[in-house]
Amino acid sequence: VTPWMLAVLGLLPPFIVAVAAASVGGFAQRLAGLQLAIAIVAPLLVLMTFAFDQSALIDLALAVALLAAPGTLLVSLFLERWL
Amino acid sequence: MTPAVRLALFAAACLVLLPAVFAVAGHMPAFGDHPMPYGEAINRLAPVQRHVSNMVSAINFDYRGFDTLGEEFMMLCAVTGTVVLLRGSRGERLGARPGIVRGRAILPRSDAAVLVCRLLGPVVVVFGLYVALHAMTTPGGGFQGGAIFATGALLTFIGDGYEAWRRLARSPIFAACEGLGATLYALCGFAAMLAGQPFLANIMPKGQFRDVFSGGMMQIENLGVGLAVAGGFVMLFLEFLEETRAIEPGDEPGGG
């Protein structure tokens, strides 16, 4: 078991808690929970890149990090105005 | 149906279905052992035959390239259908008042949100190009890159509002991208026929394994898919965001 794998396993419980937070409550709380889950999953993917020795995986972390911001902003804009 | 009845129904369904789930799980292949001869064959052949390391691209653009041609035109039809349904006489003027829900104030964008969008937009567009260009070596490809590119363009709407978005995203340009992308893919097929090969045969030099420009004609097909997807997604965003405008006198609903 490598330190990378231990770090991946260590980040899994907070990720599960964040997903649980994203699946209950009102719109705003779910959005906040989703944000927390994304903030955990991006470093999780980076760690998995090293844990599984698949260098191409790091693109996924980059994609999650870059696409989370527009997605959240768009959802919050619609929440503020129309939903 | 009250929540209590729904829960009871769920529990009853679980009682019936769970034994079946466990029975199926018990007969699954062992961990790491999978009966997928096609995947094994592609993993063995694609690096040697086509010099690419992204097997998904090898299947999409080469081994089953003809299917992708069909999918390309399916997407073209879907985007065209959406545009025809949603576009009425509205949307000719670039300026627009946003639609208002009664009792909901329209707050101006905060400076922080505008700054984040302006900084992030170009970065996301560059990342989209990167994903599209590295189709043959890393996960991703034209479709994913095109979608990310369109997301980058959408940041204009999120940051600077509807007017700026309409000034930037001119629908004729993106309609042309969409059509030209699909046409480029089809032309690749005919180019192979002109060279005396079967439709969509990979007639170009394959390049080096793990090089960005490996894969031969898959590169051009990938470019076609990227153009079509970027154009198609921006067209969809244009039509859907138009639905957020207030209806002006003289506007017709879509379908006009």
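Trainee: Why does R50(B) count as buried?

Mentor: R50(B) has a relative accessibility of 18%. Buried means under 20% relative accessible area, exposed means over 50%, and partly exposed lies in between (1.4 Å probe, protein chains only). The value of 18% is under the limit, and therefore R50(B) is called buried.

Mentor: The structure is a predicted model, in which local features need pLDDT of at least 70, side-chain atom pairs count only at pLDDT 80 or more, and totals for chains, interfaces and linings use all residues. Residues are numbered from 1 along each chain as its sequence is written, chains are lettered from A and ligands numbered from 1 in the order in which they are written, and side-chain values use heavy atoms, with hydrogens and water left out.

Trainee: How do you know which class of accessibility R118(B) belongs to?

Mentor: R118(B) has 51% relative accessibility and therefore counts as exposed. R118(B) forms a salt bridge with D160(B), with the closest N and O atoms 2.5 Å apart. This pair also links distant parts of the chain, 42 residues apart, from helix α5 (residues 111–133) to helix α6 (residues 142–168) of chain B. D160(B), at 32%, is partly exposed.

Trainee: Why is R64(B) called neither buried nor exposed?

Mentor: R64(B) has a relative accessible area of 43%, so the class is partly exposed. R64(B) is joined by a salt bridge to D67(B), with the closest N and O atoms 2.8 Å apart. D67(B) is also partly exposed, at 34%. Over all chains, the search finds 5 salt bridges.

Trainee: What makes T68(B) buried?

Mentor: The relative accessibility of T68(B) is 7%, and so T68(B) counts as buried. T68(B) is placed in helix α4 (residues 65–86) of chain B. Contact means heavy atoms within 4.5 Å. Apart from neighbours within four places in sequence, T68(B) is in contact with N60(B), F61(B) and Y185(B). The C-alpha atoms of T68(B) and V225(B) are separated by 9.1 Å, although these residues are 157 apart along the chain.

Trainee: How many helices and strands are there in chain B, and how does the radius of gyration of chain B compare with the globule rule?

Mentor: Chain B has 8 helices and 0 strands, where helices (H or I, at least four residues) and strands (E, at least two) are DSSP runs numbered from the N terminus. The radius of gyration of chain B is 24 Å, well over the 18 Å that the globule rule gives for 256 residues, so chain B is more spread out than a compact globule. That radius is taken over C-alpha atoms, and the rule is 2.2 Å times the number of residues to the power 0.38. In chain B, 38% of the 256 residues count as buried.

Trainee: What is the secondary structure of chain A?

Mentor: Chain A comes to 3 helices and 0 strands. Of its 83 residues, 30% count as buried.

Trainee: How much area is buried between chain A and chain B?

Mentor: The figure is about 1,900 Å², of which carbon and sulfur atoms give 73%. Buried area is the accessible area (1.4 Å probe) that two parts lose on being put together, summed over both. L66(A), R81(A) and W82(A) supply 32% of the area that chain A buries against chain B, more than any other three residues. Chain A gives 17 residues to the contact and chain B gives 25.

Trainee: How many salt bridges does the rule find across this interface?

Mentor: The rule finds 0 salt bridges between chain A and chain B.

Note on methods:
Salt bridge = Lys/Arg side-chain N within 4 Å of Asp/Glu carboxyl O.
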